[in-house]
Amino acid sequence: MRIGMLTSGGDCQALNAAMRGVVKGLEENVKQLEVYGFLNGYKGLIYGNYRLLTSTDFSGILTKGGTILGSSRQPFKYMRDPDENGLNKVEAMKSNYYKLNLDCLVILGGNGTQKTANLLREEGLNVIHLPKTIDNDIYGTDITFGFYSAVNVASAAIDCIHTTAASHNRVFIVEVMGHKVGWLTLYAGVASGADIILLPEIPYDDKKILNAIRKRQESGKGFTILAVAEGAISKEDAKLSKKELKKKLAKEPYPSVSYKIAEMITKELGSEARVTVPGHTQRGGTPCPYDRVLCTRLGSAAAKAIMDKKYGNMVAMIDGDTKLVPLEEVAGKLKGVDPDCKMIKEAKRIGISFGD
Ligand code: F6P
């Protein structure tokens, strides 16, 4: 059996653990196995940049962050466009796949990566997709790997801010990654006792944020912590079309939404609000034990799918079970936080403000 493997898009903590699961699952059960690792995501597949990997490459990597194959962003929307030298990227990927006579291509990545995986499936290649992203926004799986490791990092950042905010009686904003969705902010915010949590799915109102801070101050609590998703949006901005919003944001002087909120708080309350952005640390470091288990299970389930020739699927985790979900059913769909879900209601019940 010959398989190809690649990791594409933003990296995360448990990519290596997932690849290890796939390869170990195949090695144990297939007589002859060759694994070709394409370097730096789809780039490696397009330009025929790969390495023949051995068991040694997959040994000792369960706890290693990043990806041994490297990654890059190759936006799906440009996949059909020729590269700067006129190369047809889709045809190049197909050609390299056929040249190596691969039985299957294992693709680890997030939403964009999944769309390209589905495109390759439509083009006739055998593909299996594994859902990676700290954003947890892949439709059709309860959880993506990288998410809980990132929750740990973001929570640790908020925990550290907590002690200094309390000492100085300050308002602090911690900006959390998550792209267009608020999973990471919601979980890290609840895990570290944030007082106000702002998510893209629940547009905020400045007045509600100020009321929540004032309420804390009046009850003798001098500090307030806000966990703000990088994609958080005001009620006012949420009414604008994509184009109108882009135009408006281009005119604003803020590096990100948190700075805009901080300025508003400073102006209205007369005391300075500080911003902390843990940024890419949230994607870095060692995968947490949950992710190691998740990836070992997803990787092993992917190995079974390959041996059973059940191609064209994402290996998902649904209700605690590994399941195969057809790529055509999920590619291009986003999984956001439901503003009416139980977790939001429970958080509101204990006094957490969502700024709405
Ligand atoms: O999708 C993962 C993610 O870390 C998002 O949370 C974030 O918006 C984005 O990638 C950052 O991308 P880049 O690493 O290309 O700056």
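## Lining of the second largest pocket

In this predicted model, the lining of the second largest pocket is made up of five nonpolar, three polar and five charged residues (Ala, Val, Leu, Ile, Met, Phe, Trp, Tyr, Cys and Pro count as nonpolar, Asp, Glu, Lys and Arg as charged, and the others, Gly among them, as polar). Of the 13 residues that line this pocket, Ala212, Lys215, Arg216, Gly351 and Ile352 lie nearest its centre (a pocket is an open set of points on a 1 Å grid where a 1.4 Å probe fits, with protein on both sides within 12 Å along at least five of seven lines, and lining residues have an atom within 4 Å of a point).

Helix α7, residues 206–218, supplies three residues, the largest share of the lining of the second largest pocket (helices are DSSP runs, H or I, of at least four residues). The volume of the second largest pocket is about 280 Å³, taken as the space filled by probe spheres set on the points.

## Surroundings of the ligand

Arg73, Ile134, Asp135, Met177, Gly178, His179, Glu230, His280 and Arg283 surround the ligand, each with a heavy atom within 4 Å of it. By class, this shell has two nonpolar, three polar and four charged residues. Because domain 1 (2–146 + 287–330) and domain 2 (150–283) both give residues to the shell, the ligand lies between them, with domain bounds from an automatic or database assignment.

## Polar contacts and cover

An N or O atom in the side chain of Asp135 is 2.7 Å from an oxygen atom of the ligand, and a polar side-chain atom of Arg283 lies 2.8 Å from a ligand oxygen atom. On its own, the ligand has 400 Å² of accessible area, of which the protein covers 72% (Shrake-Rupley method, 1.4 Å probe).

## Basis of the values

Residues are numbered from 1 along each chain as its sequence is written. Local features need pLDDT of at least 70, side-chain atom pairs count only at pLDDT 80 or more, and totals for chains, interfaces and linings use all residues, while side-chain values use heavy atoms, with hydrogens and water left out.

Note on methods
A polar contact is a pair of N or O atoms within 3.5 Å; within protein, one must be able to donate a hydrogen and the other to accept it, and residues adjacent in sequence count only if both atoms are side-chain atoms. Helices (H or I, at least four residues) and strands (E, at least two) are DSSP runs, numbered from the N terminus.
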